[in-house]
Amino acid sequence: MRRNVSVAAWFVLLAVCIVLPFSSEDSQVLTIAIQTFILTALASSWNIIGGFAGQISLGHAAFFGMGTIITRELWLSGAPLPLSLAAAIVATALFALIIGVPMLRFRGIYFSIGTLALAVAISLTIGNLFPGITSMPVEALRAYTFTDPYFLALGAAVTTVAVAMLLRRSVVGLGMMAVRDDEAAAGAVGVDVLAHKLAAFAISAALAALAGGAFAFFSVSYYPSYPFTAVWSFETILVTFVGGIGTIVGPIAGSAFFVIGRDTIAANFEGFQVIGFGVLFIVVVLLVPGGMVEGAQRIGAWVVKQGQGRKRDVEG
Amino acid sequence: MQLVIQSAISGLLIGGMYGLIALGLALAFGVLKVLNVAHGELVMLGGYVTFFLVAVVGLDPFLSMPLVFVATFGVGVLLYLVLFRFVVRFDIDTRIKNSLLISFGLVLILQALAVTFFTADERAIITDYSTAALTFESIRVPFIRLAGLLVAVALSVGLQQLLDRTTFGHAIKATSEDWALASLAGIDIRRVYLVAFAISAGLAGVAGTLIALGFSVSPSIGLGWTLKALIVVVLAGLGSIRGLIVAGMLLGLAEGLASVWLGGAYREIVALGAFLLVLLVRPQGLFGRRE
Amino acid sequence: MLEVRDLEVAYGDLQVVWGVSFDVPERSIVAVIGPNGAGKTTTLRAIMSLLPVRGGTVSFRGKPISGLLTHQIVEQGLVMIPEERATFAGMTVGQNLELGAYAKRARPHRDETMDEVLAIFPRLAERRKQLAGTLSGGERQMLAIGKALMARPELLILDEPSLGLAPVVVEATFETIRSIRERGVSVLMVEQHVEMTLEVVDHAYILETGRVVGDGSSDELRHDRRILDAYLSM
């Protein structure tokens, strides 16, 4: 019964998302939606390496950025979008596999520092190599609508969440979570630790690249190094933690909360939005590590307890 | 050939600065076991403080260093009391992981604050002697870079003396080695943590002065410098204060030489390569002790 | 002098010490004996505030100390020598001893105390510049005790002083503990070795799985092997 309710809920959510661009002409609403989808894709993809496999990567922006730059360069020089996107995903996944072999040998914090170093190094180098803004050419601008980028972004989000869901129930996903919970024990029962970490790393990188492709298709003009910057790595981790790391719903809830919060309520507090969310992140890490999902569970448990208490009073 | 020597010398001098930034980071990590990736933001802050002291008061940047140290020391005290004080309640492993995440958040917060208060413009400090250099056979040794190296060495020696010769310094060393045993010896480790963290922030600030002089300061420079510092710390090995300046200079040298063949744009990749190589081949670093 | 009443200590959800009570009178040597895992070290660490106290009270000279920080407890005159890693291996013997007198109560008398301690342990004077990590087990034990004495304790707490040491060294250690009491310092020991312990202490408590299951003077316990056999099967 519960299972059917939640499946139905997912379909309703999906239906709403599909219908939205046809019912609303408001570009602000659509922009918020697209940004939410892209961030959801990023967060869900990071959740695979950070939440399922338990390896805290601080350099997710590197893969996102790669997705943007490869897609953008190929597409703007004439290649069809699907091809550019595919090339970006494959190239990024390959890169993740190659760099993952040495990187994933480092445990715990060394891995985190390593990924941070990787992302910063790449970000600065891209900045050196591509200092100028990338802008859509005039013909593309004239033909620009929100619809296509919207559905690409939605597609990226749906794909990523679907992959996460599949992984979670699969043997591979189980192996990843075993590695997260106790690497030594997992190895002892025959789980190939490195292979599982690599798989998580490559899959999350590929999906981040997909999100990057959506960004490249949606954004009119930006500095090529911008998607590589730490802001993206941080926002990804922020919304995943705030939403609930390791869960499916968490990254989605966190992204929605963040984008909507940032662009509506917090829009009045220019510059202090980041500070507010930063503080929230710190609070979550220190006090409620399970994020909104854990928070909801705790509230739910408290409500149930109150209900039982009242029942006892009545029966008493 | 001359280009190689010039690049090597420039690299060595810049490396001294890397070592200075690493000094603060290593101190915080060694004593508190807290990894503060927002260290670069403290460098940035020091750069801005220097800039304003020079622009508004007209102070010479080198003379402003003590004031900058005090200012960032104060910020360090504040950050510790507001934030890191709660992180040290965890056990060592959780401490490291949580401090990494939390300071990552701090990076973005401090960057945003900097943009709000200082704007996103790049600032640099130009003085009368900005272009002055010693010249040997057409090899230029810029005065500012040389002075920077001297400052780095002086502070490193100073810190080592503090740790080796003063009672409080011994308390700091004891706390780094074993905080439980230190408190059993009657050492107030909260105070040790506070002071050590504040000193690390102060050192970052002074490094910021050198950066404002030798490069430029803008809200986003933090992570790049933190990265350099991390690489130097790994290169030198945990637990080594003396080796940091040397390791910094070696990194600078490697970058300088590599840029002759690869071009300046790939400088960061060289640093990254050095980092990964050391971690893979000799994880205890060049001078570090085996745990 | 030291009163522990209904002490409860837990690691998260795992409770390890269940309502332990004992006293250490002035000028006495008291032991808490028990097998591995009984909760002896946990009890000591809780007394020194290295672990949070879940319940019960600890008072020293009538003053409650459970709320104090570790270094503040040291300032009161309670000094503990932990079971392992009781010295700073990366520092010299001399530095270790100096650090022992860091507390405000001890610092003014540092030089004087140092002379006293080196008189008790002349071997330490020889090895003054040597790194503590390079000392032998027995020497490190000496240093640990010497360092603790530098803090001018009124009550010295030792966690398993015989652990990992040769019998001859243990004998010497216990002799030192006797002489420490002669100087007016009370001693609380936690130990596994029943025989040797009973020869040194005035009174002993028996701890098993976090509870005190018996106590008595050393005479009583020594002559009533049944009690000890029943509880410790050693």
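Predicted model: local features only at pLDDT ≥ 70, side-chain atom pairs only at ≥ 80, totals over all residues.

User: Okay, which chains share the most contacts?
Analyst: Chains A and B do, out of 2 pairs of chains in contact.

User: How far apart are the nearest C-alpha atoms of chain A and chain C?
Analyst: They are 15 Å apart, and chain A and chain C do not touch.

User: Back to A and B. How many residues are in contact there?
Analyst: On the chain B side there are 33 residues, and they meet 28 residues of chain A. Helices α4 (92-118), α9 and α11 of chain B each supply at least two residues to that side of chain B. The most comes from α4(B), with 15 residues.

User: And what classes of residue does that side of chain B have?
Analyst: It has 27 nonpolar, 4 polar and 2 charged residues.

User: Pick B:Ile231. What is it in contact with?
Analyst: Ignoring neighbours within four places in sequence, B:Ile231 is in contact with A:Ala117 over in chain A, and with B:Leu251, B:Ala271, B:Ala274 and B:Phe275 in chain B.

User: Tell me about helix α11 of chain B. How far apart are its end C-alpha atoms?
Analyst: They are 21 Å apart. That agrees with expectation, because 15 residues (267-281) at 1.5 Å a residue should span 21 Å.

User: Which of its residues are buried?
Analyst: Among them are B:Ala271, B:Ala274, B:Phe275 and B:Val278, and also B:Arg267 and B:Glu268. The buried residues of α11(B) pack against α4 (81-103) and α5 (108-129) of chain A, plus α9 (222-236) and α10 (242-262) of chain B.

User: What about a helix in chain A, say α7? How far does it reach?
Analyst: Helix α7 of chain A (residues 147-169) has 23 residues and reaches 33 Å from its first C-alpha to its last, close to the 33 Å expected. Its buried residues include A:Pro149, A:Tyr150, A:Leu152, A:Ala153 and A:Leu167.

User: Switching to strands. In chain C, how many residues of β8 are buried?
Analyst: Strand β8 (residues 186-191) has 6 of its 6 residues buried.

User: Which strands sit beside it?
Analyst: Strand β3 (residues 29-33) of chain C runs parallel to β8(C), joined by 5 bridges. There, C:Ile33 stands opposite C:Glu191. Strand β7 (residues 155-159) of chain C also pairs with β8(C) in the parallel sense, over 5 bridges, and C:Leu156 has C:Val187 as its bridge partner. Between β7(C) and β8(C) the chain passes through helix α7 (residues 167-182) of chain C, and this β-α-β crossover is right-handed.

User: What's the strand order in the antiparallel sheet of chain C?
Analyst: The order is β2-β1-β4-β5, in an open sheet of 4 strands. Strands β2 (14-24) and β5 (63-64) stand at the edges with a single partner each, so one side of each has no neighbour in the sheet. Inside it, β1 (residues 2-11) and β4 (residues 53-60) pair over 6 bridges.

User: Last one: is C:Arg128 buried or partly exposed?
Analyst: C:Arg128 counts as partly exposed, because it has 14 C-beta neighbours inside 10 Å and a residue needs 20 or more to be buried. C:Arg128 sits in the loop between α5 (122-126) and α6 (137-150) of chain C. Leaving out residues up to four places away in sequence, C:Arg128 touches C:Thr92, C:Val93 and C:Gly94.

How values were computed:
Residues numbered from 1 in each chain as written. Chains lettered and ligands numbered in written order. Contact = placed C-beta atoms within 7 Å. Expected span 1.5 Å × (residues − 1). Buried ≥ 20, exposed ≤ 12 C-beta atoms within 10 Å, placed from the backbone. Pairing = 2+ DSSP bridges. Right-handed = clockwise from strand over helix to strand, strands pointing away. Nonpolar A, V, L, I, M, F, W, Y, C, P; charged D, E, K, R; others polar.
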